Amino acid sequence: MALRVGVIGGGQLARMMIAPAVELGLDLRVLAESDGMSAGLAATAVGDYRDLDTVRAFVADVDVVTFDHEHVPQEVLRALVEDGVSVHPGPHALQFAQDKLVMRAKLAELGVPQPDWAAVHDPDELARFLDDHDGRGVVKTPRGGYDGKGVRVVRDAADAQDWFDALNEGEALLVEELVPFVRELAQQVARRPSGEIAAYPVVETVQRDGVCAEVIAPAPSAPVRLSEVAEGIGRSIAEGLGVTGMLAVELFETADERVLVNELAMRPHNSGHWSQDGAVTGQFEQHLRAVADLPLGDTTPRAPWSVMVNILGGPQEGTIGERFAAAMTEHPSAKIHTYGKDPRPGRKVGHVNVVGQDLDDAVYQARAAAAHFD
Ligand SMILES: Nc1ncnc2c1ncn2[C@@H]1O[C@H](COP(=O)(O)OP(=O)(O)OP(=O)(O)O)[C@@H](O)[C@H]1O
Ligand SMILES: [Mg+2]
């Protein structure tokens with residue numbers, strides 16, 4: 001009988017595991033939040049991932065549980081582990097991707113380079129941090145942020161008043177120094193329960209309005225030292241935190257060539273979509289191999305350059321489907337991936353990968369193909 005992999009969450013990341021699961025002969029099942037989700041094709045259950053009974057019923061007939069997102073509560077995850085369910089990544093590792101304050105404290109303990117930071121419980125504590133950092137900082141809600149929601153540059157403690165008002169007794173916000181980065185990078189590694197690790201080349205990511213817009217793999221003009229430092233950070237976090245499955249480490253590169261950790265994701269990540277078409281083993285296949293404790297695949301790029309451009313928002317008029325033929329006709333080298341989601345401003349509804357010998361041409365083809373979906 002095929003190994004049954006249960007994915008909690010029905011977004012595009014679960015959707016993009018479907019094709020590699022079929023090829024690997026795995027039986028993929030998805031617990032979707034509602035009908036009509038991106039991964040609806042593989043949804044065997046619909047329900048609330050915060051409800052232990054719902055999740056228990058879903059995992060009753062799977063061999064391994066993994067995730068499309070990091071939002072399953074610790075109580076639910078721990079109960080599954082106590083039930084004897086194989087959960088990857090496990091709750092102990094996942095807590096560091098669920099709460100940015102817990103992550104900052106752990107990375108400090110591991111000695112991983114990161115921005116200056118503090119847990120601030122009230123505006124006075126924030127004001128003191130800002131005084132020590134040229135009057136500026138980046139305030140973050142520790143939990144539940146995505147696509148820049150829950151991230152705010154502040155120049156005055158009052159700028160975060162509404163977030164302080166929303167805190168419960170004893171809770172804190174995270175504040176970080178405003179890093180004057182020259183660019184953002186991402187390092188991905190996969191780790192099996194047995195300990196084997198495979199690292200991808202470090203990539204450059206471009207965020208617009210806090211949302212990933214483009215990725216270039218590998219990161220252009222990255223000296224060997226930079227690549228080695230990034231890979232070393234990825235490996236030590238995967239090992240130090242006991243991550244299983246794919247890990248993405250978002251990084252800042254500074255003008256003085258330091259690399260600082262921004263945040264972690266323990267699942268396939270937007271910064272790794274290029275690998276679907278640009279690496280010998282794509283990140284969705286690699287995630288499945290890792291959580292199923294199968295030997296990891298080769299992460300070598302298939303060509304000198306891979307470029308990924310997100311399709312954000314989708315067409316103002318008409319449907320995504322209507323745009324395909326023209327994009328394909330004009331850009332036959334573009335691999336167009338869509339998520340089956342309705343267009344909405346700023347929403348990630350798909351992406352385009354172009355792989356090739358010439359970086360400028362790959363960037364042009366990917367951007368032009370993605371623009372057909374505006
Ligand atoms: N300390 C910082 N200094 C400068 N810029 C920052 C800092 N922290 C975050 N940013 C900017 O804001 C973006 C979003 O921040 P972050 O990755 O923490 O948020 P997120 O909403 O959790 O993101 P994601 O969509 O990746 O989950 C970063 O990619 C970066 O461009
Ligand atoms: Mg981020």
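User: Which residues coordinate the magnesium ion (ligand 2), and at what distances?

Analyst: E250 (OE), E250 (OE) and E263 (OE) coordinate the ion, at 2.0 to 2.8 Å. Donors are N, O and S atoms within 2.8 Å of the metal (3.2 Å for Na, K and Ca); water is not among the atoms, so sites may look incomplete. This is a predicted model: local features need pLDDT of at least 70, side-chain atom pairs count only at pLDDT 80 or more, and totals for chains, interfaces and linings use all residues. Residues are numbered from 1 along each chain as its sequence is written, chains are lettered from A and ligands numbered from 1 in the order written, and side-chain values use heavy atoms, without hydrogens and water.

User: What makes the arrangement around the magnesium ion (ligand 2) irregular?

Analyst: The angles. The 6 donor atoms subtend 50 to 178°. Six donors count as octahedral if opposite donors are over 155 degrees apart and all others between 65 and 115; four count as square planar by that rule, or as tetrahedral if all angles lie between 85 and 135 degrees; anything else is irregular.

User: Why is E250 called buried, and what is E263?

Analyst: Buried means under 20% relative accessible area, exposed over 50%, partly exposed in between (1.4 Å probe, protein chains only). E250 has 18%, so E250 is buried. E263 has 22%, so E263 is partly exposed. E250 lies in strand β14 (residues 245-254) and E263 in strand β15 (residues 259-265). Helices (H or I, at least four residues) and strands (E, at least two) are DSSP runs, numbered from the N terminus.

User: What makes β6 and β8 edge strands?

Analyst: The open sheet runs β6-β9-β7-β8, with antiparallel pairing. Two strands pair if DSSP finds at least two bridges between them. β6 (117-120) and β8 (151-154) each have a single partner strand, so one side of each lacks a neighbour in the sheet.

User: How do you know that β7 and β9 pair?

Analyst: By the bridges. β7 (residues 137-140) and β9 (residues 173-176) share 3 bridges, in the antiparallel sense. K140 stands opposite L174 in β9.

User: Is V138 buried or exposed, and which residues does V138 contact?

Analyst: V138 is in strand β7. Its relative accessible area is 9%, so V138 is buried. Contact means heavy atoms within 4.5 Å. Beyond neighbours within four places in sequence, V138 contacts residues including V151, V153, L174 and L178.
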